[in-house]
There are 2 protein chains.
Amino acid sequence: MNNQFITPDGYTSDIAVFTITSEQVGEYKPPKKELKIMLIKRSELDHEGNSNMEAGKWALPGGFVLPEETAFQAAERRLAEETGVEGLKIKHFGVYDSPGRDLRGWIISNAHYVTASEAALRSRKKTYDASEIGLFTLAEALELDLAFDHRTIMDDALWFIKKDMALTTLAKHFLPEEFVLSELQGVLLTVLDDPSISTDAAFFRKAPTLPFIEAVLEDGKPKKSNRYSKTPAQLYRFNDFQPIVSVYRNKLQG
Amino acid sequence: MNNQFITPDGYTSDIAVFTITSEQVGEYKPPKKELKIMLIKRSELDHEGNSNMEAGKWALPGGFVLPEETAFQAAERRLAEETGVEGLKIKHFGVYDSPGRDLRGWIISNAHYVTASEAALRSRKKTYDASEIGLFTLAEALELDLAFDHRTIMDDALWFIKKDMALTTLAKHFLPEEFVLSELQGVLLTVLDDPSISTDAAFFRKAPTLPFIEAVLEDGKPKKSNRYSKTPAQLYRFNDFQPIVSVYRNKLQG
DNA sequence: TTAACAATTAACAAAATGTTAATTAAAAAA
DNA sequence: TTTTTTAATTAACATTTTGTTAATTGTTAA
């Protein structure tokens, strides 16, 4: 087409990949869980040997969207290219288009977040070397001088993760297929600060009644695990129930 | 800059403007409220006299984003240009970038929704003639053959309106500064289907305890209105309380 | 006066939540 | 073998919230 429209200089897809790592803190103890974000270190030269903008800085993975794909597909493609993993939950959460955000020109970033289980993460580690890709706690990431406006994008992504963790069954994507309640609790507590979750008695009384998880059975008997405790703990899995909440129905916290 | 990146052919900002109209159904009765969307009819010729793509079809208002502004600012600008109204709540909710969505080329749409009170709507009507701009009920709008993928965008916008109406104090933007409970109830019922809202006894018992609204006082006395009833009804206003809900705290509906 | 009617309020039963204390099961120590 | 320890429950009960039905209130209009 002829240039009858004012056109941007580029359209990129950026991805904030989050995972929650488990650190064994002792035998028969629930592991310490922590939210981490995956960042890449921008190389000095691009594919064509030209020096790279913002080289050497840490940044969100991503790249230019191709004309025959959507930004969502580009995110899938880049994730597969960079991590070798497919099937992760990808969600668009914002667009970054402030003039001057990228010195290369008028470049629009379509931002996504991804929630990956530790298992997915493990296969990633095989495709990248540690000098180019890293997993950072949020505290660590806040110390870094990130490329472009990726600091803002990361902050916003975190906000969406928190919101979706509270409002949806997002926790599912950080957990194995079958999990015990303390694992769910641990995942939730990495981003949510709520006494009804952090108080064991309250959480363990309420959790088994949550309509979107169900106890796993084996030969008709409750399936239990000793992964994290001497006492066998009931295994649960998420079902397809989509919970709905409303500020006009439920008790509210500020 | 030189074209070292693959570039889109255009970047647009589209706006789904929603309002809730009140229809007087009788004296001393709560009016019938209905959600409506504002659409414009695409003219045959563009500003330069060339024939317009998708001419004659109804479409969301919007337009190309200029290089020195964000899509959000473009939405503000276009709204002001088209409706003469400023200060409306504008919210980004999605990006539409499927190849082929616009026959003119690779054009990315950054989509927003706007929630306008009827008052804001009234001033709009002065700046546009009825043949080019229209307010449609959602039922009416679904009958129309909308331009581009605006049907999809509109459907998605509606979904976000419903979600935000349930999860935030979005209703505020559809109401006057001071309102009676039946007005709030009416607004909510235009998009939410919930017995705890539609059942008068339940709603009127719960609503006065909602932390994000407060009774209006006048000279230290409750301020009341006879707008919609013979019995004076208490006036309320929204305060700044930001309610938080969670699927792990509250009773859930499917 | 009385009927009508939206807007409440009252009263009470039913559910859900918060909290403290007990119980359970298996490993590890004595 | 017995006891201790610890995470994972379960029990019990008080407190809050919610759902529901029935009454009350204040005003207009007949």
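Biologist: Which residue in strand 6 of chain A stands opposite A:Ser13?

Modeller: In this predicted model, A:Asn110 is the residue of strand 6 that stands opposite A:Ser13.

Biologist: What makes strand 1 and strand 6 of chain A a pair, and in which sense do they run, parallel or antiparallel?

Modeller: Strand 6 covers residues 107-116 of chain A, and 10 bridges join it to strand 1. Pairing needs at least two bridges, so the two strands count as paired. They run parallel.

Biologist: How do you know that strand 1 also pairs with strand 4 of chain A?

Modeller: Strand 4 takes in residues 62-64, and three bridges join it to strand 1. The cut-off is at least two bridges, and therefore this counts as a pair too. The strands run antiparallel, and A:Thr12 has A:Phe64 as its bridge partner in strand 4.

Biologist: How many bridges link strand 1 to strand 2 of chain A?

Modeller: Seven bridges, in the antiparallel sense, link strand 1 to strand 2, residues 32-41.

Biologist: Turning to chain B, why is B:Leu39 called buried?

Modeller: Buried means under 20% relative accessible area. B:Leu39 has 0% relative accessibility and therefore counts as buried. B:Leu39 belongs to strand 2 of chain B, residues 32-41.

Biologist: What does B:Leu39 touch, leaving aside residues up to four places away in sequence?

Modeller: Among the residues it touches are B:Trp58, B:Leu60, B:Ile133, B:Phe136 and B:Leu144. B:Lys57 lies 18 residues from B:Leu39 in sequence, and their C-alpha atoms are 9.8 Å apart.

Biologist: Now the DNA. What makes the approach of A:Lys206 to DNA strand C a polar contact?

Modeller: An N or O atom in the side chain of A:Lys206 is 2.7 Å from a phosphate oxygen of DNA strand C. A polar contact requires N or O atoms within 3.5 Å, so this pair qualifies. A phosphate oxygen of DNA strand C is also 3.0 Å from an N or O atom in the side chain of B:Ser182, and one is 2.9 Å from a polar backbone atom of B:Arg249.

Biologist: Which element gives the most residues to the surface near DNA strand C?

Modeller: Helix 7 of chain A does, with four residues. By class, that surface has nine nonpolar, seven polar and nine charged residues. Sugar or phosphate accounts for 65% of the atoms of DNA strand C within 4 Å of the protein.

Biologist: Which part of DNA strand D does the side chain of B:Thr231 approach?

Modeller: A base nitrogen of DNA strand D is 2.9 Å from an N or O atom in the side chain of B:Thr231. The cut-off for a polar contact is 3.5 Å, so this pair is within it. On the phosphate side, a backbone N or O atom of A:Gln234 lies 3.3 Å from an oxygen of DNA strand D, and one of A:Arg249 lies 2.9 Å from a phosphate oxygen.

Biologist: What is the make-up by class of the surface near DNA strand D?

Modeller: Eight residues are nonpolar, seven polar and 10 charged. Helix 7 of chain B gives the most to this surface, with four residues.

Definitions and conventions:
Residues are numbered from 1 along each chain as its sequence is written. Chains are lettered from A and ligands numbered from 1 in the order in which they are written. This is a predicted model: local features need pLDDT of at least 70, side-chain atom pairs count only at pLDDT 80 or more; totals for chains, interfaces and linings use all residues. Side-chain values use heavy atoms; hydrogens and water are left out. Helices (H or I, at least four residues) and strands (E, at least two) are DSSP runs, numbered from the N terminus. A residue is near a molecule or strand if one of its heavy atoms lies within 4 Å of it. A polar contact is a pair of N or O atoms within 3.5 Å; within protein, one must be able to donate a hydrogen and the other to accept it, and residues adjacent in sequence count only if both atoms are side-chain atoms. Ala, Val, Leu, Ile, Met, Phe, Trp, Tyr, Cys and Pro count as nonpolar, Asp, Glu, Lys and Arg as charged, and the others, Gly among them, as polar. Buried means under 20% relative accessible area, exposed over 50%, partly exposed in between (1.4 Å probe, protein chains only). Contact means heavy atoms within 4.5 Å.
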